[in-house]
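Here are some notes to read alongside the structure, written for someone opening it for the first time. Take them in order, and keep the view open as you go.

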Amino acid sequence: MAEYGSLLSDLSENITSEDLRQLKSACKEDIPEGESDHIACSRDWFSYLEERSKLAQDNLSYIEHIFEISRRPDLLTRVIEYRTTVLKISEDDEVDTKLTRIPSAKKYKDIIRQPSEDEIIKLAPPPKKA
């Protein structure tokens, strides 16, 4: 599925080496320390997770959890957008919790989005001094 590859590529471009250290630390229970040293870039990390069935084009809940606990709402939002547009799983759908973390991740989507003109609070000008 080309969209899945595109998602991983997009995520990889937004993961720095410092981010990668944090992500590997967040999943240290699933990546033994000796194997963690061999993961040098985000693509290696994604490949490692795929080999261990922690990540697949229709199973993104593990990385959603890692992005959530690593405080990366930007990456989490991209995964949610993939899930809603490509996999056609909407935020309102009742889905097996193994497959989706949309309800817990929805709050991040709301944080990141830009407010509409109606939502922006406009302040009155300061009073003029007499």
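**Notes on the fold and its contacts**

1. Let's begin with a helix pair. The axes of α1 and helix α6 (residues 73–85) come within 10 Å of each other, crossing at roughly 170 degrees. Angles over 145 degrees count as roughly antiparallel, so α1 is roughly antiparallel to α6. On the α1 side, the contact is made by E3, Y4, L7, D10 and L11; on the α6 side, by L75, R78, V79 and Y82. By class, the residues of this contact of α1 with α6 are six nonpolar and three charged, with no polar ones.

2. Before going further, please bear in mind that this is a predicted model. The mean pLDDT of the protein is 78, and 75% of its residues reach 70 or more. Among the elements, α4 has the highest mean pLDDT, 91, while helix α7 (residues 102–112) has the lowest, 52.

3. Where pLDDT is low, the predicted coordinates should not be read in detail.

4. Now for the overall plan. The protein has seven helices and zero strands, which gives the pattern α-α-α-α-α-α-α when read along the sequence. Of its 130 residues, 34% are buried. Taking the contacts between residues at least 6 apart in sequence, 56% join residues at least 24 apart.

5. Helix α4 (residues 42–51) packs with helix α5 (residues 61–69) at an angle of about 135 degrees, and their axes are 11 Å apart. That angle makes α4 oblique to α5. From α4, the contact is made by W45, F46 and L49; from α5, by Y62, I63, I66 and F67. What classes of residue does the contact of α4 with α5 have? There are seven nonpolar residues, with no polar and no charged ones.

6. Next, find S12, which lies in helix α1 (residues 2–13). Is S12 buried or exposed? Its relative accessibility is 10%, so S12 counts as buried. The side chain of S12 is joined to that of S42 by a polar contact of 3.2 Å. Leaving aside residues up to four places away in sequence, S12 touches S42, R43 and F46. F46 has already come up as one of the α4 residues in the contact with α5.

7. L23 lies in helix α2 (residues 17–26) and is buried, with a relative accessible area of 1%. Not counting residues up to four places away in sequence, L23 touches I15, W45, I66, F67 and S70. Among these, W45 of α4 and I66 and F67 of α5 also take part in the contact between those two helices.

8. With 28% relative accessibility, A26 counts as partly exposed. If residues up to four places away in sequence are left out, A26 touches I66, I69 and S70. Both I66 and S70 are on the list of residues touched by L23. A26 and H65 are 39 residues apart in sequence, and their C-alpha atoms are 9.4 Å apart in space.

9. Most residues other than glycine have a negative phi. S53, in the loop between α4 and α5, has a positive phi near 60 degrees. R71, placed in the loop between α5 and α6, has a positive phi as well, near 55 degrees. Are S53 and R71 buried or exposed? S53 is exposed, with a relative accessible area of 59%, and R71 is exposed too, at 69%.

Notes: Residues are numbered from 1 along each chain as its sequence is written. This is a predicted model: local features need pLDDT of at least 70, side-chain atom pairs count only at pLDDT 80 or more; totals for chains, interfaces and linings use all residues. Side-chain values use heavy atoms; hydrogens and water are left out. Axes are lines fitted to C-alpha atoms, for helices over the stretch in contact, and angles run from 0 to 180 degrees between N-to-C directions. Helices (H or I, at least four residues) and strands (E, at least two) are DSSP runs, numbered from the N terminus. Angles under 35 degrees count as roughly parallel, over 145 as roughly antiparallel, 65 to 115 as roughly perpendicular and the rest as oblique. Contact means heavy atoms within 4.5 Å. Ala, Val, Leu, Ile, Met, Phe, Trp, Tyr, Cys and Pro count as nonpolar, Asp, Glu, Lys and Arg as charged, and the others, Gly among them, as polar. pLDDT is the predictor's confidence in each residue, from 0 to 100. Buried means under 20% relative accessible area, exposed over 50%, partly exposed in between (1.4 Å probe, protein chains only). A polar contact is a pair of N or O atoms within 3.5 Å; within protein, one must be able to donate a hydrogen and the other to accept it, and residues adjacent in sequence count only if both atoms are side-chain atoms.
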